[in-house]
Amino acid sequence: MRICVFLSAADLDDRYTRPARDFGKLMGKGGHSLVWGGSDTGLMKVVADGVQEAGGKLIGVSVEFLAHKTRPGADEMVIAADLAERKRLLLAKADAVVVMVGGTGTLDEATEILELKKHGHTDKPVVLLNTAGFYDGLKQQFHRMEAEGFLPRPLAELVFFAEEPAEALAYLEAGREAR
């Protein structure tokens, strides 16, 4: 499976780096490929290291203004002209999406895939990995959106909330077997 991971390129502490590395290793051991922003910094580097160390493939999609931060030795690296093209390419190359901790760019990517899914423009599974409770507030907001009628589809059809890396990958693999 080609799994797109949206996450930060920031250098963060162990409560975030450990689960990112663990998820990468689980992906690689499972024979999956990482589709990611292509950066060799921060959490993007950590998850890519985990995938590569465990034998998985790396498919990067960077953007022109960040091309100087791309990871050498990726199996594939594409440089998009702008962020909109980058998001389109990331999603086109992936079979599933996992949203890990990140800032505004990660949130933008996450809401775009959920919007596409909400309107039936994709059926790719989406997992929000709530490392160290990072997305507790967002999870609460999504539940409020559902309860108050802002979502035309049940929230459970749009996104699966996982607390641990193994739970996230198990969900994706189980869904793959069911398809």
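Which residues of H2 are buried? Select helix H2 (residues 42–53) and colour Gly42, Leu43, Met44, Val46, Val47, Ala48, Asp49, Gly50 and Val51, which are its buried residues, where buried means under 20% relative accessible area, exposed over 50% and partly exposed in between, with a 1.4 Å probe and protein chains only. Helices here are DSSP runs of H or I with at least four residues, strands are runs of E with at least two, and both are numbered from the N terminus.

Before going further, note that this is a predicted model, in which local features need pLDDT of at least 70 and side-chain atom pairs count only at pLDDT 80 or more, while totals for chains, interfaces and linings use all residues. Residues are numbered from 1 along each chain as its sequence is written, and side-chain values use heavy atoms, with hydrogens and water left out.

After H2 comes glycine 55, with a positive phi near 95 degrees.

The crossing of H1 and H2 is right-handed, that is, the near helix is turned clockwise from the far one by less than a right angle. To display this contact, select Tyr16, Thr17, Ala20, Arg21, Gly24, Lys25, Met27 and Gly28 in H1, which meet Leu43, Val46, Val47, Asp49, Gly50, Val51 and Glu53 in H2. By class, the contact has 7 nonpolar, 4 polar and 4 charged residues, where Ala, Val, Leu, Ile, Met, Phe, Trp, Tyr, Cys and Pro count as nonpolar, Asp, Glu, Lys and Arg as charged, and the others, Gly among them, as polar.

**Helix H4**

Select helix H4 (residues 104–118) next: its 15 residues should span 21 Å at 1.5 Å a residue, and its end C-alpha atoms are 21 Å apart, which agrees. Within H4, the residues Thr106, Glu109, Ala110, Ile113, Leu114, Lys117 and Lys118 are buried, and what covers them includes strand S1 (2–6), H3, strand S5 (96–99), S6, H5 and H6. H4 is followed by glycine 120, where phi is again positive, near 80 degrees.

Move to alanine 132 in the loop between strand S6 (126–129) and H5. Most residues other than glycine have a negative phi, whereas alanine 132 has a positive phi of about 55 degrees. With a relative accessible area of 52%, alanine 132 is exposed.

Helix H5 (residues 136–147) has 12 residues and reaches 16 Å from its first C-alpha to its last, close to the 16 Å expected. Glycine 149 follows H5, with a positive phi near 85 degrees.

**Aromatic pairs**

Finally, show the aromatic rings, among which a search of the whole structure finds 4 pairs; rings of Phe, Tyr and Trp (its six-membered ring) pair if their centres lie within 6.5 Å, and planes under 30 degrees apart count as stacked, over 60 as edge-to-face and the rest as tilted. The rings of phenylalanine 142 and phenylalanine 161 have their centres 6.4 Å apart and their planes at 40 degrees, so this pair is tilted. The pair links distant parts of the chain, with phenylalanine 142 in helix H5 and phenylalanine 161 in strand S7 (residues 160–162), 19 residues apart. Phenylalanine 142 is buried at 9% relative accessibility, and phenylalanine 161 is buried at 13%.

Phenylalanine 160 lies in S7 and tyrosine 171 in helix H7 (residues 165–178), so the pair ties together parts that are 11 residues apart in sequence. Phenylalanine 160 is partly exposed at 24%, and tyrosine 171 is partly exposed at 30%. End the tour at Tyr16, Phe134 and Tyr135, which ring pairs link into a cluster.

Key. Expected span 1.5 Å × (residues − 1). Axes fitted to C-alpha atoms, helices over the stretch in contact; angles between N-to-C directions. Contact = heavy atoms within 4.5 Å.
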